[in-house]
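Dear colleague,

I am passing on the structure we spoke about, and my notes follow below it. Please read them with the model open beside you.

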Amino acid sequence: MAKVLVIGCGGVAQVAIKKCCMLDEVFTEMCIASRTVSKCDELKRQLEGKTKTKLTTAKVNADDKGELCALIKSYKPELVMNIALPYQDLTIMDACLECGVNYMDTANYEPEDTSDPKWRERYEKRCEKEGFSAYFDYSYQWEYAEKFKKAGLTALLGSGFDPGVTQAYCAYAQKHLFDKIETIDILDCNGGDHGYPFATNFNPEINLREVSAPGSYWENGKWVEVPAMSIKREYDFDGVGKKDMYLLHHEEIESLAKNIKGVKRIRFFMTFGQSYLTHMKCLENVGMLSTEPIMFEGREIVPIQFLKALLPDPASLGPRTKGKTNIGCIFTGEKDGKKKTAYIYNICDHEECFKEVGSQAVAYTTGVPAMIGALMLLTGKWDKAGVYTVEEFDPDPYMDALNKYGLPWQICENPVLVD
Ligand code: NDP
């Protein structure tokens with residue numbers, strides 16, 4: 001019996017909302033709020049008659065704490081599910097604190113305007129101190145830990161697939177499979193084909209910022225940064241086949257390095273086809289990936305936002321995408337004094353996802369764990385005040401829920417390792 005406020009109604013949020021509505025005995029009331037309220041109204045219309053969840057909609061600009069507080073105070077939810085963009089994380093956390101409500105999201109904070117001098121000053125210090133130059137890091141949200149603890153509230157950060165499920169896999173490996181984990185390789189493979197020459201599977205702006213940035217990994221207590229796409233490996237993925245994958249910086253490396261005691265190396269690889277990389281390089285070379293505003297015919301535009309307007313909406317890829325995703329973690333370490341390896345992963349079929357919820361597998365593999373994160377908080381399975389990432393909670397109920405609600409996982413002992 002819970003009342004939740006969902007912010008955002010894009011590709012990922014629509015899956016999370018549909019999955020919550022399938023569990024209407026828990027998610028009894030839900031307000032879907034976003035900038036473009038017509039999208040929320042359309043989703044409500046689609047769901048009515050198919051769920052007992054009592055749905056309402058609202059228009060909110062989540063960059064505005066005042067608007068958020070007014071909505072939270074009038075709706076009175078137990079939990080705010082932030083499935084908008086990482087740009088809104090801090091204003092939504094501020095509003096949750098002010099109104100005394102629990103919080104969760106699917107991606108860590110990153111600023112929309114990376115040319116803001118105040119933000120840049122802190123960013124440049126962090127690049128120098130930590131040794132990685134991604135625009136996002138956990139420090140902004142971790143700074144809320146004491147305030148959430150004092151208020152007796154929980155903030156669950158990054159409950160998508162990666163971040164999210166990958167950290168549950170790590171917590172599970174630490175709890176059940178290993179006495180000591182030495183290395184973690186997170187492999188994110190999308191073997192799907194949508195038939196477009198170039199499109200991104202989730203928000204293009206966030207996606208292109210992430211993959212065009214330098215890669216980095218954690219080794220022996222520090223970050224090692226390398227030029228974008230400069231470390232390439234081939235891997236034969238179960239259910240997908242051989243794919244090229246590239247080392248990227250990824251947010252969960254930062255929290256796992258803190259929470260998986262004694263880990264020596266953590267890397268993250270994602271698969272990309274040659275066509276994607278060629279398009280991305282070309283767009284980057286002509287300045288279309290820039291986040292800095294430029295003047296065009298008398299008005300200011302941000303090149304990457306203009307590009308987003310031209311690219312297919314990720315939420316529209318569902319009916320055209322065929323193939324499978326395979327995302328998981330390969331561990332090496334020790335158990336009972338012996339060397340051991342294990343690979344925990346999920347295979348998800350784009351067409352099956354479309355049949356179930358009308359979306360492709362990238363939105364599905366993110367939206368389902370968002371629902372599961374909310375379920376953990378609302379049912380009290382995860383219950384501690386403060387700001388936490390997924391691996392800081394007991395993985396068992398989350399791993400059970402993954403099997404139950406559409407993302408079954410398997411363990412392969414002695415997998416092929418990545419060199
Ligand atoms: P979309 O761009 O499809 O949707 C974003 C939604 O947020 C839209 O409904 C948008 O409204 C709304 N929104 C944006 N700005 C505001 C604002 N200021 N106020 C209110 N609503 C706003 O994004 P996705 O669904 O692809 O991604 C959602 C989140 O999931 C992102 O944070 C992304 O980084 C994360 N993600 C996480 C993954 C993981 O594995 N952990 C994987 C993939 C994505 P409008 O329609 O008006 O634009």
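How many residues of domain 1 are in contact with residues of domain 2? There are 20 residues of domain 1 in contact with 20 residues of domain 2, where contact means that the C-beta atoms, placed from the backbone, lie within 7 Å. Of the side of domain 1 that touches domain 2, the largest share, five residues, comes from helix α1 (residues 11-22); helices (H or I, at least four residues) and strands (E, at least two) are DSSP runs, numbered from the N terminus.

This is a predicted model, in which local features need pLDDT of at least 70 and side-chain atom pairs count only at pLDDT 80 or more, while totals for chains, interfaces and linings use all residues. Residues are numbered from 1 along each chain as its sequence is written.

Domain 1 covers 2-157 and domain 2 covers 165-359, with bounds that come from an automatic or database domain assignment, and their C-alpha centres lie 22 Å apart.

Turning to the sheet, seven strands form an open, parallel arrangement in the order β3-β2-β1-β4-β5-β6-β17, where two strands pair if DSSP finds at least two bridges between them. Because β3 (54-59) and β17 (386-389) stand at the edges with a single partner strand each, one side of each is left without a neighbour in the sheet. Strand β2 (residues 27-34) runs parallel to β3 and is joined to it by six bridges, and E29 stands opposite K54 in β3.

Best regards

Key:
Two residues are in contact if their C-beta atoms, placed from the backbone, lie within 7 Å.
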